[in-house]
Amino acid sequence: MSDAALSAIPDHVPAALVRDFDFLQPVVEGDLYDWWARLHDGPEIFFTPRHGGHWVTTRAEDIGHVLENYEVFSSQQMTVPKGTHQFPSPPIMYDPPLHTDFRKLLAPFFTPKSIGDLEVKARDLSVQLIDKVAAKGECEFVSELSLAMPIGIFLGLVDLPDSDRLELLAYAEKMVRGKTHEEQAEGFMQSYQYLGAVFAQRRENPGKDILSYALGGTVEGGRPLTEMELLGMGALLLAGGLDTVAGMMGFIMLHLARNPAHQDLLASNPDLMPQAIEELMRRHQIANIARLVVKDTELKGVAMKAGDMVLTPTSMAGLDDRRYPDPMTVDFARADKRSLVFGKGPHQCIGAFLARTELKVFFAEWLKRVPRFSLAPGKQPVAVPGRANAVSYLPLVWEV
Amino acid sequence: MRWICLACGHVYDEDEGDPDHGIQPGTRFADLPADWDCPFCGSDRQHFAEEDDA
């Protein structure tokens, strides 16, 4: 049975709150974020029979509430349908207090001070990638740039060779974008196999990388991590760090290609970059993860039962007109650009500073090296929804 | 003392407070209200660390 097949509606779900919605549908007509925003025309919280049947929260306030309240909305299951992960991926699939131990273990690698060295690498890699295409006057941004940039940073973080890049990208693609439970599970299994061999090498010859550090780390008052925890955490770093940054780079580039005035503004005012990136991320949030209800509860008068799944599409949080005036407009001067782009609460993305750094560095270098650019005439960019929204095809041209 | 947001790098300086959000200069980080979030990115207080350590 396809994961997108219709499941029975549980008895506690009122018929008025049922809406057939498939957040993993492969093709969306028109603009992807217009497609997400149209859900605001219906019930604020609704239930879809797709992917095992799950709730969908559509407003920023409720999405933030579910993400923060782990005692009711647990991360033990964080995608639909339930049971996709064969092993849990710590720390994101653990709740506090165990989650906190894992988070502390990883934290030293993601502080602003630690990221300083990676910023240098990000800049070098950006320049190298951009210089490859600048003189051509055209590129397919996804395959030539946005997929290559974050994997280069990830390989540095885990000290793995660039020759493994394509293999790892393929695993990450399946883990995050697998269209079926089986395909997603296969991506995880392939990652576990790959990482198992890497951990075995690092046991013999530990380095200063994050994987070696995890091998020597302890949780729960002093026990080492189990093999399953190590593999799950490694797979998470791979899936979390690659697809998400690549996706965000794609959406930001798509916006800039359609808005030459914003290209000019940023090219002539590089100091605006941090706030521009923040606003572009607010407008193009990508993560569509889920939570497992572990206690019967009520959200805005909607009864949810233990065992229900709740999708929290941050894609919609940034488009909420109750939270942001004129939400579809990208305004670098917007007073309040704070968003849920990296989640909220204890599970907020540990790589947020690294991701912001990659984005700021890449777009600063791009605008220095490439003149005004646009979408290639006669070709259509492709953006798709998913566990993380993504741009899968983005042809650009400029004059040389 | 200065505290840095681990998610975006914004610095909360206790000497300066956060007057735009009603926090007076001299307010210690530990005394910030529970609902105070990073004024730049919205991260909550648990994602801040003393600047020298981060």
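Analyst: Start with the second largest pocket: α3(A) provides the largest share of its lining, 4 residues. Helices (H or I, at least four residues) and strands (E, at least two) are DSSP runs, numbered from the N terminus. The model is predicted, so local features need pLDDT of at least 70, side-chain atom pairs count only at pLDDT 80 or more, and totals for chains, interfaces and linings use all residues. Residues are numbered from 1 along each chain as its sequence is written, chains are lettered from A and ligands numbered from 1 in the order in which they are written, and side-chain values use heavy atoms, with hydrogens and water left out.

User: What is a pocket, and which residues lie nearest the centre of the second largest pocket?

Analyst: On a 1 Å grid over the protein atoms alone, a pocket is an open set of points with protein on both sides within 12 Å along at least five of seven lines; a cavity is a set where a 1.4 Å probe fits but cannot get out; lining residues have an atom within 4 Å of a point. Here, Arg103(A), Ala107(A), Leu6(B), Gln46(B) and His47(B) lie nearest the centre, out of 18 lining residues. The space is about 330 Å³. Grid points are joined across faces, edges and corners, and a volume is the space filled by probe spheres set on the points.

User: Which residues of α3(A) are buried?

Analyst: Buried means under 20% relative accessible area, exposed over 50%, partly exposed in between (1.4 Å probe, protein chains only). In α3(A), residues 98-106, the buried ones are Leu98(A), His99(A), Phe102(A), Arg103(A), Leu105(A) and Leu106(A). They span an arc of only 155° around the axis, so they sit on the same side of α3(A). The arc is that of the directions from the helix axis to the C-beta atoms. These buried residues pack against α9, β5, β6 and α10 of chain A. Contact means heavy atoms within 4.5 Å.

User: How many residues of α6(A) are buried?

Analyst: 10 of its 11 are buried, so α6(A), residues 148-158, is mostly covered. Asp159(A) follows α6(A), with a positive phi near 55°.

User: What does the largest pocket look like in numbers?

Analyst: It holds about 410 Å³ of space. Of its 22 lining residues, Asp31(A), Leu32(A), Leu254(A), Arg258(A) and Ala383(A) are the closest to its centre. α10(A) gives the most to this lining, 4 residues. By class, the lining has 13 nonpolar, 6 polar and 3 charged residues. Ala, Val, Leu, Ile, Met, Phe, Trp, Tyr, Cys and Pro count as nonpolar, Asp, Glu, Lys and Arg as charged, and the others, Gly among them, as polar.

User: How many cavities of 30 Å³ or more are there?

Analyst: The count comes to 3.

User: Is His51(A) buried or exposed?

Analyst: It is buried, because its relative accessibility is 3%. Asp326(A), with a positive phi near 45°, counts as exposed at 51%.
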